[in-house]
Amino acid sequence: MTSANSAAPIVVVGKKDSEDVRVCGDFSVTYNASACVETYPMPQSEDMHSALTVCTVFSVRDIKQAYHQVPIAKESQSYLTINTHIGLFAFKRLPNGIHSGPAIFQRIMDNLLSDIPKAVSRLDTLAAGTDEEDHLRTLSLVLERLLNAGFRLNKAKCKFFQ
């Protein structure tokens with residue numbers, strides 16, 4: 001179990017383009033200082049462009065609070081504890097500020113979408129098609145996968161049929 005001495009201090013971060021705030025932990029002084037960094041390659045823009053070179057219709061999906069939709073194993077939760085003025089709280093979902101967060105999330109997205117042609121992900125997901133009908137097929141597959149995996153989208157940031 002985590003003690004107050006090993007819990008991360010709380011950090012409140014303002015969200016860009018919003019008055020909302022995000023509660024985070026300063027994991028640089030706790031978890032990130034001692035945990036092994038999980039690595040996974042981020043797709044290069046050139047590779048993403050070449051996969052979609054013949055496409056003319058695109059949709060981008062933003063996953064709402066993406067990291068917070070990734071559950072943390074029960075045995076790992078105590079390592080991701082924050083110290084607040086009202087006590088200790090362990091994250092049950094992947095928090096922001098974990099150095100391996102982008103790699104973990106990118107691996108999940110790649111595994112989820114790897115067999116769907118004209119679908120790519122670099123944290124957000126992009127579906128494309130050579131025409132509207134082709135795009136709709138790809139988009140339907142991507143949305144079905146995200147739904148079946150339990151991911152919810154941020155409707156305000158999604159762009160369809162661009």
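## Residue classes and ground rules

In what follows, Ala, Val, Leu, Ile, Met, Phe, Trp, Tyr, Cys and Pro count as nonpolar, Asp, Glu, Lys and Arg as charged, and the others, Gly among them, as polar. Please keep in mind that this is a predicted model, where local features need pLDDT of at least 70, side-chain atom pairs count only at pLDDT 80 or more, and totals for chains, interfaces and linings use all residues. Numbering starts from 1 along each chain as its sequence is written, and side-chain values use heavy atoms, with hydrogens and water left out.

## Overall layout

The protein chain holds four helices and seven strands, taken as DSSP runs (helices H or I, at least four residues; strands E, at least two) numbered from the N terminus. Starting at the N terminus, their order is β-β-α-α-β-β-β-α-β-β-α. The C-alpha trace spans about 55 × 35 × 25 Å along its principal axes.

## Where α3 meets α4

Helix α3 (residues 101–113) and helix α4 (residues 132–148) have axes that come within 10 Å and cross at roughly 125°. The two are therefore oblique to each other, and their crossing is right-handed. On the α3 side the contact (heavy atoms within 4.5 Å) is made by M109, L112 and L113, and on the α4 side by V142, R145 and L146. Sorted by class, that gives five nonpolar, no polar and one charged residues.

The largest pocket has a volume of about 680 Å³. Its lining has 22 residues, with K15, R22, D62, Q65 and K157 the closest to its centre. Six nonpolar, six polar and ten charged residues make up this lining.

The second largest pocket has a volume of about 180 Å³. Of its 14 lining residues, Y31, I72, S76, L80 and I104 lie nearest the centre. Here the lining has eleven nonpolar, two polar and one charged residues.

Terms used. Axes fitted to C-alpha atoms, helices over the stretch in contact; angles between N-to-C directions. Parallel < 35°, antiparallel > 145°, perpendicular 65-115°, else oblique. Left-handed = near helix turned anticlockwise from the far one by under 90°. 1 Å grid on protein atoms, 1.4 Å probe; cavity = no way out; pocket = protein on both sides within 12 Å on 5 of 7 lines; lining within 4 Å. Points joined across faces, edges and corners; volume = space filled by probe spheres on them.
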